[in-house]
Amino acid sequence: MSRAAVGDGTLELAEDDDGRVRVRLGDVVLAEYVVAPPTPAGDSPKPYLHPLRTTAGETVTAVRPYDHTWHNGLQFTMAHLSGENSAAPENFWGGRTYVRGRGYTPLDNNGTIGHVRWESLVCAAGHCELRHELAWRTAAGKRWLTEHRTLRFGDVSAGDGRWTLTWSSRLRNTSGRELRWGSPVTEGRDTAGYGGLFWRGPRSFVGGTVRTPDGKSAADAMGHRAPWLAFTGRHDESLRTSTLLFADSPANAAFPTAWYVRAEPFPVVSFAATYHRPWLLEPDEELTLTHHVVVIDGAPDAARLGRYAARVLKRQETD
């Protein structure tokens with residue numbers, strides 16, 4: 001176990017006997033990283049964060065919802081990844097694949113994203129961080145991408161009711177061919193540009209409130225580019241509210257990101273890097289994407305959300 005002092009408590013990071021890495025603030029487990037989940041092959045197994053909790057202990061993620069069993073907490077993945085001369089794309093998302101002219105189609109193309117080795121698990125200077133290598137393998141077992149992933153948990157304030165996750169994925173094309181990362185939108189389906197870092201919220205967040213810095217709501221934020229987006233929902237039983245602030249990094253090539261977001265019929269948000277056009281990766285080329293998620297107790301106003309977004313970007317510049 002590794003520990004770091006934060007302003008009003010101690011942050012702890014530990015790999016437990018069940019294979020999960022947990023981040024604790026006192027008695028509250030803020031995050032559980034499921035490294036090797038027992039996910040069915042058709043749901044494209046991959047590591048994910050669930051549950052994520054506020055400093056008050058409220059859960060703000062869902063896992064294996066009945067409507068989309070491949071939606072698991074907070075995860076990084078792709079729905080369409082195709083190689084030069086490929087007959088069909090590889091699906092690292094899970095479920096059926098959207099095929100132009102055919103719609104969602106069951107194909108034998110569900111890949112896996114698997115843990116290879118730990119690079120570090122440490123806490124220091126007010127934050128905890130894990131780094132590991134992952135292999136993106138096709139349904140046939142070919143390694144198309146090597147990922148070096150960093151999850152950083154910090155900027156914790158129980159008194160202010162917030163903490164920040166920074167997720168960075170450095171992807172290298174190891175397939176030996178050009179790779180095309182797309183989405184259902186780039187294949188012809190409107191308003192389905194999901195891919196990249198993706199969040200599924202709890203069932204009670206259905207109908208929640210979406211905000212962007214330029215005043216977009218859930219109804220008009222789909223595909224819209226903005227540096228940040230916030231989703232506020234209400235919890236069953238406690239009747240509390242919680243907010244997730246998703247902030248893009250200016251270092252990303254497609255900044256500001258386009259958003260894939262729904263408040264109904266289920267709560268989802270994705271930093272949708274390939275919403276409008278595909279991304280091409282040449283052999284051995286690297287792509288790094290860094291995103292921030294601020295987990296907040298309550299429903300801050302737009303001005304406070306803007307301050308939080310500016311804060312995480314300033315901290316990124318100085319780290």
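At 9% relative accessibility, E129 is buried (under 20% relative accessible area, with exposed being over 50% and partly exposed in between, using a 1.4 Å probe and protein chains only). Its salt-bridge partner is R131, with the closest N and O atoms 2.8 Å apart. This is a predicted model, where local features need pLDDT of at least 70, side-chain atom pairs count only at pLDDT 80 or more, and totals for chains, interfaces and linings use all residues. Residues are numbered from 1 along each chain as its sequence is written, and side-chain values use heavy atoms, leaving out hydrogens and water.

**Salt bridges**

- The structure holds 23 of them, each a side-chain nitrogen of Lys or Arg within 4 Å of a carboxyl oxygen of Asp or Glu.
- R131, at 35% relative accessible area, is partly exposed.
- E133 pairs up with R143, the closest N and O atoms being 2.6 Å apart.
- E133 sits in strand β11 (residues 127-137) and R143 in strand β12 (residues 143-157), so this pair ties together parts 10 residues apart in sequence.
- E133 is buried at 11%, while R143 is partly exposed at 24%.

**The network around E32**

- D16, D18, R20, R22, R24 and E32 are joined in a network of salt bridges.
- Within it, E32 and R20 come to 2.9 Å at their closest N and O atoms.
- E32 is buried at 9% relative accessible area, and R20 is partly exposed at 26%.

**Around S2**

- S2 is buried, with a relative accessible area of 17%.
- S2 touches L11, E12, L13, L121, V122 and C123, leaving aside residues up to four places away in sequence (touching means heavy atoms within 4.5 Å).

Key: Helices (H or I, at least four residues) and strands (E, at least two) are DSSP runs, numbered from the N terminus.
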